[in-house]
Amino acid sequence: MSMSSQGAGLGEVFIAHRAQLRRIAQKIVGTPEIADEVTQDAYLKLMEGPCARDVSKPYSYCCQVVRNLAFDHCRRQAFESTYRIYTDDGELPQVAGGCVPERCFQERQVIDAIDQALGTLPARTRRAFELYRLGGFTQREVAKQMGCSATLVNFMLRDATQALASCRHLLEA
């Protein structure tokens, strides 16, 4: 694998300022070990592919790459920690987000009932409901995407809500 002259220039700047870049990473991630990993990842990222643009300030560019990777690491750790459970006694931990079988069965029943209720609707009404409730679109955006009026979308959403009323008793259990 040959390095482009731009990549070589960034690599030289990175190596010359490695200690400073590692300090930047450590301020963000907190530990020297993880800062080393982030710094190594940043170097590899800079050296892997050709740089698509001419970098007028290579040191600033290297700093930004290190910062971005350090913040990505922190976000990933925060996300993963919501699913990780540690126990002192060595017992198998309950998986975060897991549930007891009865609860899972009840949730599955609710999902199946909702799917059945939506299945009774015309495809266009179901699509409008999915775009609005699951896709997070506004009624106007749904209307534009479906090529109809916002008033019609409103009526379709009303029909979907009425169809789902038959599932309400399952949610109260």
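Phenylalanine 14 lies in helix α1 (residues 5–16). Helices are DSSP runs of H or I with at least four residues, strands are runs of E with at least two, and both are numbered from the N terminus. Phenylalanine 14 is buried, with a relative accessible area of 2%. Buried means under 20% relative accessible area, exposed means over 50%, and partly exposed lies in between (1.4 Å probe, protein chains only).

This is a predicted model, in which local features need pLDDT of at least 70 and side-chain atom pairs count only at pLDDT 80 or more, while totals for chains, interfaces and linings use all residues. Residues are numbered from 1 along each chain as its sequence is written, and side-chain values use heavy atoms, with hydrogens and water left out.

## What surrounds phenylalanine 14

Which residues does phenylalanine 14 contact, leaving aside its neighbours within four places in sequence? They are Leu21, Thr39, Ala42, Tyr43, Leu46, Cys62 and Val66. Contact means heavy atoms within 4.5 Å. Leu21 belongs to helix α2 (residues 18–29) and Thr39 to helix α3 (residues 32–48). Phenylalanine 14 and cysteine 63 sit 49 residues apart in sequence. Their C-alpha atoms are 8.7 Å apart in space.

## The chain as a whole

The protein chain has nine helices and zero strands. Read along the sequence, its pattern is α-α-α-α-α-α-α-α-α. Of its 173 residues, 25% are buried. Take the contacts with a separation of 6 or more: residues 24 or more positions apart account for 58% of them. The chain exposes about 12,100 Å², and carbon and sulfur atoms supply 54% of that area. Accessible areas come from the Shrake-Rupley method with a 1.4 Å probe; for residues, only the protein chains shown count as cover.

## α2 against α3

The axes of α2 and α3 come within 8 Å and cross at roughly 120°. Axes are lines fitted to C-alpha atoms, for helices over the stretch in contact, and angles run from 0 to 180 degrees between N-to-C directions. α2 and α3 are therefore oblique to each other. Angles under 35 degrees count as roughly parallel, over 145 as roughly antiparallel, 65 to 115 as roughly perpendicular and the rest as oblique.

α2 passes α3 in a right-handed crossing. A crossing is right-handed if the near helix is turned clockwise from the far one by less than a right angle, and left-handed if anticlockwise. From α2, the contact uses Arg18, Leu21, Arg22, Ala25, Gln26 and Val29. From α3 come Pro32, Ile34, Ala35, Asp36, Val38 and Thr39. By class, the contact has seven nonpolar, two polar and three charged residues. Ala, Val, Leu, Ile, Met, Phe, Trp, Tyr, Cys and Pro count as nonpolar, Asp, Glu, Lys and Arg as charged, and the others, Gly among them, as polar.

Helix α4 (residues 58–81) holds asparagine 68. What does histidine 73 touch, not counting residues up to four places away in sequence? It touches Val29, Ile34 and Val38. Asparagine 68 and alanine 25 are 43 residues apart along the chain, and their C-alpha atoms are separated by 9.2 Å.

Helix α6 (residues 123–134) and helix α7 (residues 139–146) have axes that come within 9 Å and cross at roughly 135°. That makes α6 oblique to α7. Their crossing is right-handed. Arg124, Arg127, Ala128, Leu131 and Tyr132 in α6 meet Gln139, Val142, Gln145 and Met146 in α7. These residues divide into five nonpolar, two polar and two charged.

α7 also packs against helix α8 (residues 150–164), at an angle of about 105° with the axes 8 Å apart. That makes α7 roughly perpendicular to α8. Gln139, Arg140, Val142, Ala143 and Met146 of α7 make the contact with Ala150, Val153, Asn154, Met156 and Leu157 of α8. By class, this contact has seven nonpolar, two polar and one charged residues.

Threonine 125 lies in α6. Not counting residues up to four places away in sequence, threonine 125 touches Met156, Asp159 and Ala160.

| Residue | Relative accessibility | State |
|---|---|---|
| Phenylalanine 14 | 2% | buried |
| Threonine 125 | 6% | buried |
| Histidine 73 | 12% | buried |
| Asparagine 68 | 37% | partly exposed |
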